[in-house]
Amino acid sequence: MRHIISILIENEAGALSRVAGLFSARGYNIESLNVAITEDPSLSRMTLVTRGNEQIVEQIVKQLNKLIDVVKLVDLAESPHIERELMMVKIKTTSHTRTEIRSLTEIFRGKVLDVTATTYVVEMTGPSEKLDAFVAAIDPDTIIEVVRSGPTGISRGENGLCL
């Protein structure tokens, strides 16, 4: 099962390295990783996605909680949450395919960020499944490049990852 683990971590050199080291030392995989500063400049929020059964994820959470840099963490898969991912796709276009690509982008509620004589760059946000569906709907031979942030998430309701 996929788990999105959201971590409040001290904004210090080496903190990311210690988290990554914990995963590699135990043979666990990080599918995606996002880190950014919070409203408190001394803290960063790290969102990582991993897969594993309940026992493996429980072990990961226990090990992460032991790291000195970790202030607080939550496995978002355990409660109602909202998740989103950002994707940018560079697509080859011709005069015949421009309208089709623009219509498909609108259907998926994306945005054309850049237009050249031969390409479009499309931005899209949403659940990973939506982004996968957009890529599947485009002719694979026209895709030049795909950049994805990986999922990030936030708890629903009043509970949150804060001090």
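This is a predicted model: local features need pLDDT of at least 70, side-chain atom pairs count only at pLDDT 80 or more; totals for chains, interfaces and linings use all residues.

Reply: Rolling a probe the size of a water molecule over the atoms shows where empty space is left. Here, 15 residues line the largest pocket, and Leu8, Ile37, Thr38, Glu39 and Arg45 are the ones nearest its centre. Two elements, β2 (32-37) and β3 (43-51), each give two or more residues to that lining.

Me: How much space lies in the largest pocket, and which element gives the most to its lining?

Reply: The space comes to about 180 Å³. β2 gives the most, with four residues. By class, the lining has eight nonpolar, four polar and three charged residues.

Me: Okay, now the sheet. In what order do the strands come?

Reply: Strands of a sheet pair through backbone hydrogen bonds, either parallel or antiparallel. In this case four strands make an open sheet, ordered β2-β3-β1-β4, with antiparallel pairing. β2 and β4 (70-75) are at the edges with a single partner strand each, so one side of each has no neighbour in the sheet. From one strand to the next, the twist averages 15 degrees.

Me: How many bridges join β1 to β3?

Reply: Nine, with β1 covering residues 2-10. Across that pair, Ile4 stands opposite Val49 of β3. Helix α2 packs on the sheet, where it touches β1, β3 and β4.

Me: And how do I describe the two helices?

Reply: Two packed helices are described by the angle between their axes and the distance between the axes. For α1 (residues 15-25) and α2 (residues 54-66), the axes come within 11 Å and cross at roughly 145 degrees. Val19, Leu22 and Phe23 of α1 make the contact with Ile60, Gln63 and Leu64 of α2.

Definitions and conventions
Residues are numbered from 1 along each chain as its sequence is written. Side-chain values use heavy atoms; hydrogens and water are left out. Axes are lines fitted to C-alpha atoms, for helices over the stretch in contact, and angles run from 0 to 180 degrees between N-to-C directions. Contact means heavy atoms within 4.5 Å. On a 1 Å grid over the protein atoms alone, a cavity is a set of points where a 1.4 Å probe fits but cannot get out, and a pocket is an open set with protein on both sides within 12 Å along at least five of seven lines; lining residues have an atom within 4 Å of a point. Grid points are joined across faces, edges and corners, and a volume is the space filled by probe spheres set on the points. Ala, Val, Leu, Ile, Met, Phe, Trp, Tyr, Cys and Pro count as nonpolar, Asp, Glu, Lys and Arg as charged, and the others, Gly among them, as polar. Two strands pair if DSSP finds at least two bridges between them.
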